[in-house]
Amino acid sequence: MKEIHLQRVAPAEIEGRSMEIIASEMGPNSFTAQQLPIVKRCIHTSADFDYEKNLRFTPGAVEAGLAAIRAGCTIVTDTQMARAGVNKRVLERFGGEAVCFMSDPDVAEEAKARGETRATVSMERAAALKGPVILAVGNAPTALVRACQLMDEGKFSPALVIGVPVGFVNVVESKELLCSMPGEHIAAMGRKGGSNIAAAICNALLYLASDNRRD
């Protein structure tokens, strides 16, 4: 068995050490003090420094997300994986909750009856929610497209849209559509993204709203 030399790092210090490494390896950038922790958490989640280049923020995106969280918002995800990754203990402290409609039986039934995708119907359910909403799309470009359509029709007004679907079909186009819309958003341009990135951005916002306290 090959001998390897591991760094001795206490479990509680691993994330802090990781963030230090990320900060040391990132190049010069123009991110604001509130945007930078979000970028770093995406890199930490994926070990992919491309997020330093492909994350796009509208000017008021972070502030809108923080205001929504502090007002007890609902975070709507397009996968159960993303919902599972959101730190619900922190979110619940603000009176909020994380939901995903994709696996609801009635959503599946309606989608089948209408010949639509569950992602499409899920976005319509999200649009009907009361109170502030943060929409976090990490998988389905059809969800992001339908959300944009509802926004354009004046039927959906999320406080913030996190648009980071991943893949090869309609992914780039869905993000470009989001970036053409009014309203606040955070998008990962290009093909990269995923449920883990959607959850990472939500968590970065939650920790910022909590003054960086994690528990």
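This is a predicted model: local features need pLDDT of at least 70, side-chain atom pairs count only at pLDDT 80 or more; totals for chains, interfaces and linings use all residues.
The overall dimensions were examined next. A compact globule of 215 residues would have a radius of gyration near 17 Å, and the 18 Å found for the chain therefore agrees with that expectation. The C-alpha trace extends over about 60 × 40 × 35 Å along its principal axes. Of the 215 residues, 48% are buried. Contacts between residues at least 6 apart in sequence join, in 65% of cases, residues that are at least 24 apart.

In soluble globular proteins, nonpolar side chains tend to be buried together. In the present model, the largest nonpolar core comprises 40 residues, and Ile38, Leu55, Ile162, Ile201 and Leu205 have the most contacts inside it. Helix α11, spanning residues 195-209, gives the most to this core, contributing 10 residues. When neighbours within four places in sequence are set aside, Ile201 is in contact with Ile38, Cys42, Leu55, Ile162, Val164 and Ile186. Another core, of 28 residues, lies apart from the largest one and includes Ala111, Leu135, Ala143 and Met151.

Strand β3 covers residues 97-99 and includes Val99. Val99 has a relative accessible area of 16% and is classed as buried because this value falls under the 20% cut-off. Beyond its neighbours within four places in sequence, Val99 contacts Thr74, Ile75, Val76, Thr77 and Arg83. A distance of 11 Å separates the C-alpha atoms of Val99 and Leu129, which are 30 residues apart along the chain.

Backbone geometry was also considered. Most residues other than glycine have a negative phi. Ala47, a residue other than glycine, has a positive phi near 55 degrees. Ala47 is placed in the loop between α2 (35-46) and α3 (51-54), and its relative accessibility of 66% is over 50%, so Ala47 counts as exposed. Asn170, likewise not a glycine, has a positive phi of about 65 degrees. Asn170 occupies the loop between β5 (160-163) and α10 (171-179). With a relative accessibility of 46%, which lies between the 20% and 50% limits, Asn170 is therefore partly exposed.

Conventions. Residues are numbered from 1 along each chain as its sequence is written. Side-chain values use heavy atoms; hydrogens and water are left out. The radius of gyration is taken over C-alpha atoms; the globule rule is 2.2 Å times the number of residues to the power 0.38. Buried means under 20% relative accessible area, exposed over 50%, partly exposed in between (1.4 Å probe, protein chains only). Contact means heavy atoms within 4.5 Å. A nonpolar core is a set of buried Ala, Val, Leu, Ile, Met, Phe, Trp, Tyr and Cys residues joined through side-chain atoms within 4.5 Å. Helices (H or I, at least four residues) and strands (E, at least two) are DSSP runs, numbered from the N terminus.
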